[in-house]
Amino acid sequence: MKKYRKWIQISVLTIALLIGGYSIGSAVFKPDKSVKIGSMAPEFSLATLDKHVHQLSDFEGKSLVINFWGTFCPPCVNEMPALQKQYDQWKEDNVVVLGINLSESTITVKNFINQHNITFPIVIDNNDQIRKKYNVQYYPTTFFIDSSGVIQDKFIGEMKEQDIINGINKLVGL
């Protein structure tokens, strides 16, 4: 019996090592599909509150600031006035601010927009499909995309107005 016990222990250890090696190898060698600075922005198609559909391709030739946000997120709420101010300043110069709300109800988002006088386009990612495409893990997350559709910068967390200005300046070459 002792003879078989040793073989069983060796077999279990071998299997554990094979599974561990496979797991580590899969994690290290799997293709990196994350959205990075310098990569093309993933395409999307999302509707505004009034059912107007926006796609990334609609903004071709324009610089785009995409902000993933939610009303439940204090840093998201804090940066909204600065985003609105920069939208007002740049909207005539082919720079668009686009808010992508993270699956909240239309009523909640409408109330927030009205309460905070937000006029830049807001779309709702109802099934988190675009959040996942952009690999957004934390809120707010903002992408600065140039007129060719290339991500020039990414900011995770609450932006101050100067952060937004710096990101837009990169897009317009200032």
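Mentor: Residues are numbered from 1 along each chain as its sequence is written, and side-chain values use heavy atoms, with hydrogens and water left out. In this predicted model local features need pLDDT of at least 70 and side-chain atom pairs count only at pLDDT 80 or more, while totals for chains, interfaces and linings use all residues.

Trainee: What makes Cys73 and Cys76 a disulfide?

Mentor: A disulfide is a pair of cysteine sulfur atoms within 2.5 Å. The sulfur atoms of Cys73 and Cys76 are 2.4 Å apart, so the pair qualifies. A search of the whole structure finds one disulfide.

Trainee: Why is the disulfide of Cys73 and Cys76 called right-handed?

Mentor: The torsion about its S-S bond is about 80°, so it is right-handed.

Trainee: Are Cys73 and Cys76 buried or exposed?

Mentor: Both are buried. Buried means under 20% relative accessible area, exposed over 50%, and partly exposed in between (1.4 Å probe, protein chains only).

Trainee: What makes a set of residues a nonpolar core?

Mentor: Its members are buried Ala, Val, Leu, Ile, Met, Phe, Trp, Tyr and Cys residues, joined through side-chain atoms within 4.5 Å. The largest such core here has 24 residues, and Leu83 and Phe120 have the most contacts inside it. α2 gives the largest share of this core, six residues. Apart from it lies another core, of 20 residues, including Val35 and Ile100.

Trainee: Which residues does Phe120 touch?

Mentor: Leaving out residues up to four places away in sequence, Phe120 touches Met80, Leu83, Gln84, Tyr87, Val97, Leu98 and Gly99. Contact means heavy atoms within 4.5 Å.

Trainee: Where does α2 bend?

Mentor: At Met80, by about 35°, and Pro81 follows within four residues. The bend is the angle between axes fitted to the seven residues ending there and the seven starting there.

Trainee: What does α5 reach, and what does it pack against?

Mentor: The twelve residues of α5 reach 17 Å from first C-alpha to last, close to the expected 16 Å. Its buried residues are Ile164, Gly167, Ile168, Asn169 and Leu171. They pack against β3, α2, β4, β6 and β7.

Terms used: Helices (H or I, at least four residues) and strands (E, at least two) are DSSP runs, numbered from the N terminus. The expected span of a helix is 1.5 Å times one less than its number of residues.
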